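Could you walk me through this structure, one piece at a time?

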Amino acid sequence: MAADASILQMLAWGDQGWSRPLLFGLGVTIACASLGYVLGVALGFAIALAKLGNNRWIASAANLYTTVVRGVPPLLVIFLLFFGTNGALMWVARGFGYTGYIEIDAFTVGVMAVTLVSASYSSEVFRGAHGTIPAGQFEAFAALGLRPFLGLCLVIMPQMFRQALPGLGNVWIMAIKETTLLSVISVAELMRVVGLAGRTTGQPFVFYGAAAVIYFVLVAVSSRVFIAVENRMRWG
Amino acid sequence: MNGKWTERLAAVALAAVFATPVSAEDLPEVRIGTDGGYLPWTSMTPAGELTGFDIELAKLVCERMQRNCRFTAQPWEGQIPALEQGKYDILVGGISITPERQKRLAFTQSYGNLPINFAAAKSSDLNGKSSWSELKKALIGKTIGVQSGTQSQKFIDNELKGDVDVRLYDNQDSLNLDLLAGRIDAALAGRSPWIALTGSSQGETVEILSPNLDFEQFDYLGVGVGGLMRKETEELRKAWDVALCQLKKDGEVTRISQQWFGFDISTKADPKICGE
Amino acid sequence: MDFETTLHVASELAGAIWVTLALAAATLPLGFVLAGIATWARASRHGFLRAIASAYVLAFRSTPLLVQIFVLYYGLSQFTWLRQSPAWILLREPFACAVIAMSLCSGAYTAEVMRGGLAAVPKGAIEAARALGLSPLKVFLLVTAPIAVRRALPAYSNEIVVTLKATSLASTITVMELTGVAKDLMSETFAVIQVFCMVAAIYLIINSALIFGLRLLEIYLAPPHERPLRRQRGRNRKAEARPADA
């Protein structure tokens, strides 16, 4: 019974409890995942266009990008960015004649990591969605006299997004899960807070268990939202 | 009590005498980088303020140098590049003076030295060895945990590579957890985290193993800890060293050491730098 | 990076390849067995079994693998009674913990792959087999399983690649596999790009070899009239693919 009471105390709100740090960590997790996701989907769309475009070199560069990022563990991508970005950025800056110190903080590195990985997966989602649009649609807007760009924007893209929605939902869930890896580079997201709490209180099971529940709820709510949006787009 | 009181008075008097508005305003502030997560050298209060042995000492040095100082917390892994690239002027926080680091960078004189120690469960057969050779024999075939990138890891590489199963940890806390759980037979780290662990209620089953391992026996362990700087900031290094000489002579280093470690870790003033 | 460093990095990485492969090789069969049990239980007549299996699949698919690994490794080790039980023989080893956690996770995803494969078996084929008087076991072994395996293989290849990548998380609990060694080398040599390129190349080579082998297997398993129709595979792959390993 004593143990139960102390667990309640540990998870309580206030100076002694860990609720506030946990909530803060959850905030960082959501911020990191959503920033990385939005940027990643935008980048992924550009990459998908590059793959579908007429320029063979750009297309193969885009394919190489997705092959590499999908082929190596996300953790390795995180380490690359963590140990590599500062040096790379300073090197570029030197080229422009700037010699001061530039630093990228761990949160930015985290957002970049989520962006790179979600971009590669969402580009495949978009390409797949593009593939499902019947060739007749392209012919139809050409027959209507729409220019290719306008046709793409008015006819193809709305359908593409509807087709891509389930896939994009998966990418979002993946982004949430990927943020847990950022704890290894000291981003103060949920997993990091939970680890810290577990180690200092000597109750890692309680805190990692709490983390499991929180992520479960986050994923469950996310899937519900995506399904709701899908349904709305289908009938709307 | 009396001694402390006079010390404080002397410090106040000194500060009053030297606090002419000229120097502190003219020189740029000293940018100090520190880890903030390595008790008792450098740590962070829940309110987000830096504190610890090295922080207190650096503050006194700044006072003596008549310079404004700004502390920034950054994890140790990125600190050396940041120093080299000019983000900081000096790094403090239990940084060991080693020959490799001295090749590329400069150190202030050493101001403290702590041995590294193995720790193991009280019930372990590793206890009660009087010399390193005895302990080494007992360690063969065991599983040993160590934090990566530390002097302790280097010690294992040099003395025990191939004879023991080494596990690398990202931080001391995880190392403690696995030592308490019994996943590793022994762990090697600086003496200070072991004092903290064995003093806590969780760590009462753990014991610090003798002997102490230090630079007298293993010269690559370094002559203690110092402030780490770029080679070209020679003037700041000299000023820092002079201030350290004064603080050592005044017994300030010993006093802070007592406060943070419970015993004296200070090293003697370097006669080459401080004179007699 | 000079020659000596390159050699040092290469030799360290070469040693770690086996750890990565061993993790994947231990995880996949265990995950497959777990998935088999879960699939069987989900089709069971007992509501209780169905509920447990569904809860298992849902729980492990909805939480990050890193959380699962940490609960198992650091979480369980806090209990003294567990440390005194026979289970501790396994749980005290980081390698075993990594394999158990990854198998549980892979099992949940593989169960979904299996369900997709089974759903793709035409009802008519099973009915035809029953009409021929085959026993339920024979119907499963001779008709259902071969069709389901063929249908599920593309998604399962994807699962294999994901598992191989997921082995990198073992480095967070002191198992020194490829990614863990790479991290150490990056912070030690600061030759970040070079180390990354070498490790990425190793992962890509292993992945490509696996994918190539599995493609051959797919073609081998496909009935002759289906062999040229490669496009169908793509559709199936997307349906049950596990989006990522994180």
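Predicted model: local features only at pLDDT ≥ 70, side-chain atom pairs only at ≥ 80, totals over all residues.

Residues are numbered from 1 along each chain as its sequence is written, while chains are lettered from A and ligands numbered from 1 in the order in which they are written.

Let us begin with chain C. Its secondary structure consists of eleven helices and zero strands; here helices (H or I, at least four residues) and strands (E, at least two) are DSSP runs, numbered from the N terminus. Of its 246 residues, 41% are buried. A residue is called buried if 20 or more other C-beta atoms lie within 10 Å of its own, exposed if 12 or fewer, and partly exposed in between, with C-beta atoms placed from the backbone. Two residues are in contact if their C-beta atoms, placed from the backbone, lie within 7 Å.

Now turn to chain B, which has twelve helices and 13 strands. Buried residues make up 42% of its 276 residues. Chain B is divided into domain 1 (2-113 + 223-274) and domain 2 (116-221), with bounds that come from an automatic or database domain assignment. Where the two domains of chain B meet, seven residues of domain 1 are in contact with six residues of domain 2. The domain 1 side of this meeting place has four nonpolar, three polar and no charged residues. In this sorting, Ala, Val, Leu, Ile, Met, Phe, Trp, Tyr, Cys and Pro count as nonpolar, Asp, Glu, Lys and Arg as charged, and the others, Gly among them, as polar.

Next, look for a sheet in chain B. Strands of a sheet pair through backbone hydrogen bonds, either parallel or antiparallel. Five strands of chain B form an open sheet with mixed pairing, in the order S10-S9-S11-S8-S12; two strands pair if DSSP finds at least two bridges between them. The edges are strand S10 (165-169) and strand S12 (206-208) of chain B, each pairing on one side only. From one strand to the next, the twist averages 30°. Strand S8 (residues 116-121) of chain B runs antiparallel to S12(B), and three bridges join them. In this pair, B:Ala121 stands opposite B:Val206.

Which helix packs on this sheet? Helix H8 (residues 172-181) of chain B does, touching S8, S9, S10, S11 and S12 of chain B. The direction of H8(B) makes about 160° with that of S9(B), where axes are lines fitted to C-alpha atoms, for helices over the stretch in contact, and angles run from 0 to 180 degrees between N-to-C directions. Ten of the ten residues of H8(B) are buried, so this helix is largely enclosed by the rest of the structure. Just after H8(B), B:Gly182 has a positive phi of about 85°.

Let us move on to where chains meet. Chain C gives 33 residues and chain A gives 37 residues to their contact. On the chain C side, H10(C) supplies the largest share, eight residues. That side has 21 nonpolar, nine polar and three charged residues. The contact of chain A with chain B takes nine residues from chain A and ten residues from chain B.

Finally, some single residues deserve a look. The peptide bond from B:Ser210 to B:Pro211 is cis, with omega near 0°, and B:Pro211 is in the loop between S12 and strand S13 (228-229) of chain B. B:Gln66 has a positive phi near 60° without being glycine; B:Gln66 is partly exposed, with 17 other C-beta atoms within 10 Å. C:Thr174, also not a glycine, has a positive phi of about 70°, but C:Thr174 counts as buried, with 24 C-beta neighbours inside 10 Å.
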